[in-house]
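This report covers aromatic contacts, a helix pair and a strand residue. The sequence and structure come first.

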Amino acid sequence: MAHFERNVLWNPAWSALDGWAERPPDAIEHFHRSIPGFAESALVPAPAIADQVGVAHVLVKHEVERLGLPSFKVVGASWAVSVAIAGHIGRVPFPTFDALAEAAGALRASIVLSTATDGNHGRAVAYLARRLGLNSRIFVPADMAEARVDAIRGEGAEVEVVAGSYDDAVRRSAESAERDRPDGRHELLVSDTSWPGYTRIPEAVAAGYSTIFAETRRQLAAALGSDASIDLALVPVGVGAFASAAVRSLASGSCSVVTAEPEAADCLWQSLAARERVTVPGPHESTMAGLNCGEVSLVAWPALQRGVRAATRVSDLEVAAAVRDLAALGVATSESGAAGLAGLRRLRLDSRAGSLLRPRSTLVLFDTEGVTDPAGYEAVLAGSSTARGRTEEGSGHVAGR
């Protein structure tokens, strides 16, 4: 087997999933559209990439901005905060953001929103807490870039730096949420990953992402005609929440979902190969820092195991090249955001990919963020190497959990 084919795994548990694709609940998108300033992200045609891979259409769903934040994370986090606060007071999720804000106003003295993050999910939770008049506490790994820490603090959050990895920060946030705070307030945990006994909120995060896929379908129909459909979706993978949402919203007999993750943090790839969740020990030091996860989320795993057609794992050099190529098309993104394009190129080199990359196929690359570290981005465009870490140039532009 050629070397590149060792980095494409055809999922042995995949099924055609006829009827899997779910119509997202109208209530979720209605809630998102009630948030002041909420708007659709762009779906950008990429004909040069389509020509390169021999398909009819490639489009990039570019999450350059959501509610003033440079990633898609606030779409899932906002719905999850609604579910978490509703559950805390014993009611159903709020139909609008104004209704959520009214309820949150009565809880300012009693709750603090908390989560663990390696970037954008934590910033999104902190942002929502600020808009709702709540306090927030965000747990981050010790090697997180200072620019990302500063962005979270800029939302008014208390940041606790945890010695160790992202996975260590997750464990610390869970432990903290179970303890009484000295000020008497309760830490309401809004995590996008899950573990035994903690599944409802991560499920809400993934459900919130359904709005992105509903947008994509509408935009595709507007661009290519009402009968247009997605044949192949390329999505990045960290803990798998976004990818599991893609499976639920898109995967069917006619649409395949293919994932991309770092070679050194290939927890989904390894799990699919083993047919069970596998932990990939760290350190995870890819420049795709937001994808540097050692374990697939418990609630994401069932959908991923059945619904992912193939998994790819990509190198830092490949994603840096993808960042530059997307920039040439007017799409400014990070290494994590460009992972889907790098994965597509891995897939194209695989001898078995012809069934997915047909001359009439329409592909969508889900690019999960804009540029969060301008200096690092310029270094990538110039061809400079980047490294993860709080003092390394280029370490701040990630998809971020």
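A charge counts as sitting over a ring if NZ of Lys or CZ of Arg is within 6 Å of the ring centre and within 35 degrees of the ring normal. The model is predicted, with local features needing pLDDT of at least 70 and side-chain atom pairs counting only at pLDDT 80 or more, while totals for chains, interfaces and linings use all residues. Residues are numbered from 1 along each chain as its sequence is written, and side-chain values use heavy atoms, with hydrogens and water left out.

Arg309 lies over the face of Trp14, 4.0 Å from the ring centre. The charged end of Arg313 sits over the ring of Trp269, at 3.5 Å from its centre.

Nine aromatic pairs are found in a search of the whole structure. Rings of Phe, Tyr and Trp (its six-membered ring) pair if their centres lie within 6.5 Å; planes under 30 degrees apart count as stacked, over 60 as edge-to-face and the rest as tilted.

| Pair | Centre distance | Plane angle | Class |
|---|---|---|---|
| Phe31 and Trp79 | 5.5 Å | 70° | edge-to-face |
| Phe31 and Phe97 | 6.4 Å | 55° | tilted |

The pair of Phe31 and Trp79 links helix α1 (residues 26-33) with helix α3 (residues 73-88), across 48 residues. Helices (H or I, at least four residues) and strands (E, at least two) are DSSP runs, numbered from the N terminus. Phe31 and Phe97, the latter in helix α4, are 66 residues apart. Buried means under 20% relative accessible area, exposed over 50%, and partly exposed in between (1.4 Å probe, protein chains only). Phe31 is buried at 0%, and Trp79 is buried at 10%. Phe97 is buried as well.

Elsewhere, ring pairs join Phe72, Tyr209, Phe213, Phe242 and Phe366 into a cluster.

Helix α4 (residues 97-105) packs against helix α5 (residues 120-132) at an angle of about 75°, with the axes 9 Å apart. The two helices are therefore roughly perpendicular, a class that spans 65 to 115 degrees. On the α4 side, Phe97, Leu100, Ala101 and Ala104 meet Leu128, Arg131 and Leu132 of α5. The residues of this contact comprise six nonpolar, no polar and one charged.

Ser136 belongs to strand β5 (residues 135-141) and is buried, at 5% relative accessible area. Beyond its neighbours within four places in sequence, Ser136 has contacts (heavy atoms within 4.5 Å) with Val112, Leu113, Ala126, Ala129, Ala157 and Glu158.

Methods:
Axes fitted to C-alpha atoms, helices over the stretch in contact; angles between N-to-C directions. Parallel < 35°, antiparallel > 145°, perpendicular 65-115°, else oblique. Nonpolar A, V, L, I, M, F, W, Y, C, P; charged D, E, K, R; others polar.
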